[in-house]
Amino acid sequence: MRVESARRPMSEINVTPLVDVVLVLLVIFMLTAPLLQSGLEVELPKLAARGLELREGLVVSLRADRGIAVGDQIVATADLERALASAGAAGRPVYLKADARVPYGQVVELIARIRRAGVSNLGLVTAPGGPERSR
């Protein structure tokens, strides 16, 4: 005599292991995300490097009123790349002097535009600003 099994195939998905894995991943991401976003605390330098020769390079100045000068020539913002090319900026060092009142984002945007103009040797000029610290 044959006995039929009362058990039928289970057609439902067991989500308990899936929930366990998702919760573990969530905890891992919650613990590591603040570490990735905070970065390192960095105190930016306030003193210029000694012996910097500005005469051998081209100076690009960003004034507080957002005016841009290439060397001694004031240029329109749209003409910056052309002025850099005519001054031969791609073949020599370029030094960027930005007023302290200019927002950081605009300085970074200007750096990106100078890089797009073909400048590979770019330095930032700072003013002496306090006692020198020992390392």
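The stops below begin with the whole chain.

This is a predicted model, in which local features need pLDDT of at least 70, side-chain atom pairs count only at pLDDT 80 or more, and totals for chains, interfaces and linings use all residues. Residues are numbered from 1 along each chain as its sequence is written, and side-chain values use heavy atoms, with hydrogens and water left out.

**The whole chain.** Display the cartoon: the chain has three helices and five strands, in the order α-β-β-β-α-β-α-β from the N terminus. Helices (H or I, at least four residues) and strands (E, at least two) are DSSP runs, numbered from the N terminus.

**The sheet.** Select the five strands, which form an open sheet with mixed pairing in the order β3-β2-β1-β4-β5. Two strands pair if DSSP finds at least two bridges between them. At the edges stand β3 (73-75) and β5 (122-124); each has a single partner strand, so one side of each lacks a neighbour in the sheet.

**The pair β1 and β4.** Next, select residues 58-62 (β1) and 94-98 (β4), which pair in the parallel sense over five bridges. Within β4, Leu96 is the bridge partner of Val60.

**The loop residue Arg66.** Finally, select Arg66, in the loop between β1 and β2. What is the phi of Arg66 near? Its value is near 70 degrees, positive in a residue other than glycine. Most residues other than glycine have a negative phi. Arg66 counts as partly exposed because its relative accessibility is 36%; buried means under 20% relative accessible area, exposed over 50%, and partly exposed in between (1.4 Å probe, protein chains only).
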